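Me: I've got a model open and would like to talk it through with you. Could you look at it and take my questions one by one?

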Amino acid sequence: MRILIKNGTIVNANGRERKDILTDGDRIIAIGGNLDAAGAEVIDAAGCYVMPGFIDTHTHFDLDVGLCVTADNFRTGTRAAALGGTTCVLDFATQDRDGTLKQALETWHKKAEGSSCNYGFHMAIARWDAETEKEMDYMSNNGVTSYKMYMVYDGLKVDDGQIYAALKTARDHDALIGIHCENWEVLLRRIEELKEQGVTQPWGHPVSRPAEVEAEAVARYMRIAQLAGTPAYVVHLSTEEGLIEAQRARARGQEVYLETCPQYLLLTDDRYRDPDGVKFIMSPPLRKDTDRERLWQGLKEGELDTIGTDHCSFTMEQKMMGGGRFFKTPNGGAGVQHRGQLIYTYGVCEGRLTLEDMVKYLSYNPSRLFGMPDRGEIAEEKAADIVIWDPSVSGTITDTNHDYNCDNSVFAGFDVKGAARHVIINGEHIVENGSIKLEGRGRYISRTGYMKLR
Ligand code: URP
Ligand code: ZN
Ligand code: ZN
């Protein structure tokens, strides 16, 4: 199967050019003009940007959070992802505390069958001991080269010693460990204080875990990584204070990588006062305008490295399962379909980022940090994972005009420009004129070790 993409502007992280692309099977085989396209399907990309498929560094599909299971599974989540231009998601396979990493990996492989875009797994470690340590070999040999450890949540939280020991083992596997940085003991105390004052409404959520709760945890993680002699990766960074701590670590010579998410770039904590405030309960919580602006500036200046969605969707009924009390509400929001549109509209169109930056944060950096060197770039011999982005489209996100399996969106009301007109995954035309043409064609991406970006 060959596809010729004609008349578009190719955008890579390091520049743009007007050239055509020919794919054959799952590879890009030629870039240029007058390409020999006999027998190829022809896509006219006039007026469009042709970018490497977006990689979402952070999704939670089919995740049991105790109270309920996320609204999106791999079938619905990866379909929505593909429609938004994402050709690969990295989801969090999550170890049961009394289970093994291998069991979690097998479970996630089953969950992911029938995915419509490519997928890989970070492994969330809930228990660090000699058995888990030995399993890192198996993980590396089976394409899992990144991990998450949580400083929070019953059933997932690990202690600082476990993080230190895991980092040292990860170093021998060229693996990155992303840490969810919040101080659990302090935020639990603050929740108790709020309860004593009778505060149970959603606006109590950001009060219980303010910027210092994240910044303290980032600072601690930086020192633990320094002691372990490893790179550090912070997932879903949300605050200026946290960024300052990471920058301090860089200033003393540490190798630090940072992920943020569209919600921390676009939403603020006044949303918790909205009638549907539970919708915005996620951890870390939404922050202040100053944080938002500092994160945009961080992207502009290259201080951050990736933008993942942290897609973790719940219906409004699920969000209300705790009776509207902030400390009983499932944490997380939907976002996997809208990342490209939001970053294009509020980053590129508003002059905060270039198109090349967009590719760097959505495609190139994720491909390097997470061991997928044949993706994240439009070049000969690279994977034919391509998004043809039409900048002429515009619309408004609502609670329902999306393909998530839930009845809400934290971005409802946001005007957006640009859309994925065509999406090619593994050389197949998956999204055609904004609609899914082929479902269930995603493949597991077995990853190599991380590649240094800084
Ligand atoms: O609230 C969130 N972010 N839920 C998903 C789990 C996590 O911590 O990433
Ligand atoms: Zn997290
Ligand atoms: Zn997450």
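Me: Which residues is Val-65 in contact with, leaving aside its neighbours within four places in sequence?

Reply: This is a predicted model, so bear in mind that local features need pLDDT of at least 70 and side-chain atom pairs count only at pLDDT 80 or more, while totals for chains, interfaces and linings use all residues. Residues are numbered from 1 along each chain as its sequence is written, chains are lettered from A and ligands numbered from 1 in the order in which they are written, and side-chain values use heavy atoms, with hydrogens and water left out. Val-65 is found in the loop between E8 and H1, and its C-alpha atom is separated by 7.2 Å from that of Pro-330, 265 residues apart along the chain. With contact meaning heavy atoms within 4.5 Å, and sequence neighbours within four places left out, Val-65 is in contact with Phe-314 and Pro-330.

Me: And is Val-65 buried or exposed, or in between?

Reply: Here buried means under 20% relative accessible area, exposed over 50% and partly exposed in between (1.4 Å probe, protein chains only). Val-65 has 37% relative accessibility, so the label is partly exposed.

Me: Which residues does Val-69 touch, not counting those up to four places away in sequence?

Reply: Val-69 also has its place in the loop between E8 and H1, and it is partly exposed at a relative accessible area of 36%. Its C-alpha atom and that of Gln-318, 249 residues apart along the chain, are separated by 8.9 Å. Leaving out residues up to four places away, Val-69 touches Asp-62, Leu-63, Asp-64, Phe-314 and Gln-318.

Me: What about the phi of Asn-7?

Reply: Asn-7 is in the loop between strand E1 (2–6) and strand E2 (9–12). It is partly exposed, with a relative accessible area of 30%. Asn-7 isn't a glycine either, but its phi is positive, at about 70 degrees.

Me: Which residues coordinate the zinc ion (ligand 2)?

Reply: Donors are N, O and S atoms within 2.8 Å of the metal (3.2 Å for Na, K and Ca), and water is not among the atoms, so sites may look incomplete. The donors here follow the spacing K-x31-H-x55-H along the chain. At 2.1 to 2.2 Å, the zinc ion (ligand 2) is coordinated by Lys-148 (NZ), His-180 (ND1) and His-236 (NE2).

Me: How many residues apart in sequence are the parts tied together by Lys-148 and His-180?

Reply: Both Lys-148 and His-180 are buried. Lys-148 lies in strand E11 (residues 146–150) and His-180 in strand E12 (residues 176–180), so the parts that the pair ties together are apart in sequence by 32 residues.

Me: How far apart are the zinc ion (ligand 2) and the zinc ion (ligand 3)?

Reply: The zinc ion (ligand 2) has Lys-148, His-180 and His-236 around it as coordinating residues. From the zinc ion (ligand 2) to the zinc ion (ligand 3), the separation is 4.0 Å.

Me: Where is Pro-284 found?

Reply: The peptide bond from Ser-283 to Pro-284 is cis, with omega near 0 degrees. Pro-284 belongs to the loop between helix H9 (262–266) and H10.

Me: How many of the residues of helix H12 are buried?

Reply: Among the buried residues of H12 are Arg-339, Gln-341 and Tyr-344. Helix H12 (residues 339–348) is largely enclosed by the rest of the structure, because its buried residues number 10 of the 10.

Technical notes:
Helices (H or I, at least four residues) and strands (E, at least two) are DSSP runs, numbered from the N terminus.
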